[in-house]
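Hi there,

Here is the structure I said I would pass along. Have a look at it first, and then read on for what turned up.

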Amino acid sequence: MLTRKVTDSLLRWEASRGHKALFITGARQVGKTTAIRAFAKKRYRSFAELNFLQDPRAREIFSGSLNANTIVSNLTAFLRMPLEPGSTLVLLDEIQECPLARTAIKFLVEDGRFDYVETGSLPGVRARERYRPIQWGLRSGFGCIRWTLRSSVGPVGSRRRPSQR
């Protein structure tokens, strides 16, 4: 049941994204990254994943200029793989560990070459939040996952289950 809800939410995001990034927060070990990997495998020709907690060196991608061309060049070099514009999903996992990546997402989304998903655990993200997240919730026995669409100017839109209104 939860898997279907997550997949449905991701499909709605994909259909309506209009150059927005998806920001997912939730408790640790509830399946955020696993859900994105499965979705990317089915829906994209190319998938790139950065986990700032597992590989702190990934933060270096965002240590210089935050313009999109520089970041994409750094990302490609770091991953040692080409990224295909228009058919690549980039996952920025454990985003709370790299505040500059959260800042840079604005420029990457405006650039429009790739689709972006940011994930993070609730305590770390809340400590570093720069905007008020707008969410639609998915609740289960495993915890709560928060979904936020971010455009180049900040969060937009919200969807909530009727029981949350």
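A residue counts as buried when its relative accessible area is under 20%. Please keep in mind that this is a predicted model.

By that cut-off, strand 3 (residues 88-93) is mostly covered, with six of its six residues buried. Thr-88, Val-90 and Leu-92 point one way from the strand, while Leu-89, Leu-91 and Asp-93 point the other way, and all are buried.

What does strand 3 pair with? Strand 2 (residues 46-51) runs parallel to strand 3 and is joined to it by six bridges; Asn-51, for instance, has Asp-93 as its bridge partner. To get from strand 2 to strand 3, the chain passes through helix 3 (residues 68-79), in a right-handed β-α-β crossover. Strand 3 also pairs with strand 4 (residues 115-121), again in the parallel sense, over four bridges. Here Val-90 has Tyr-116 in strand 4 as its bridge partner. Together with helix 4 (residues 99-111), strands 3 and 4 make a right-handed β-α-β unit.

Helix 2 (residues 32-43) may interest you too. Its twelve residues, at 1.5 Å a residue, should span 16 Å, and the end C-alpha atoms are 16 Å apart, which agrees. Which of its residues are buried? They are Lys-32, Thr-33, Ile-36, Phe-39 and Ala-40. Viewed down the axis, the buried residues of helix 2 fall within an arc of 130 degrees, so they line one face of the helix. An α-helix has 3.6 residues a turn, so residues three or four places apart point the same way. On the other side of helix 2, Thr-34, Lys-41 and Lys-42 are exposed.

Best wishes

Definitions and conventions:
Residues are numbered from 1 along each chain as its sequence is written. This is a predicted model: local features need pLDDT of at least 70, side-chain atom pairs count only at pLDDT 80 or more; totals for chains, interfaces and linings use all residues. Side-chain values use heavy atoms; hydrogens and water are left out. Helices (H or I, at least four residues) and strands (E, at least two) are DSSP runs, numbered from the N terminus. The expected span of a helix is 1.5 Å times one less than its number of residues. Buried means under 20% relative accessible area, exposed over 50%, partly exposed in between (1.4 Å probe, protein chains only). The arc is that of the directions from the helix axis to the C-beta atoms. Two strands pair if DSSP finds at least two bridges between them. A crossover is right-handed if, with the strands pointing away from the viewer, the path from the first strand over the helix to the second runs clockwise.
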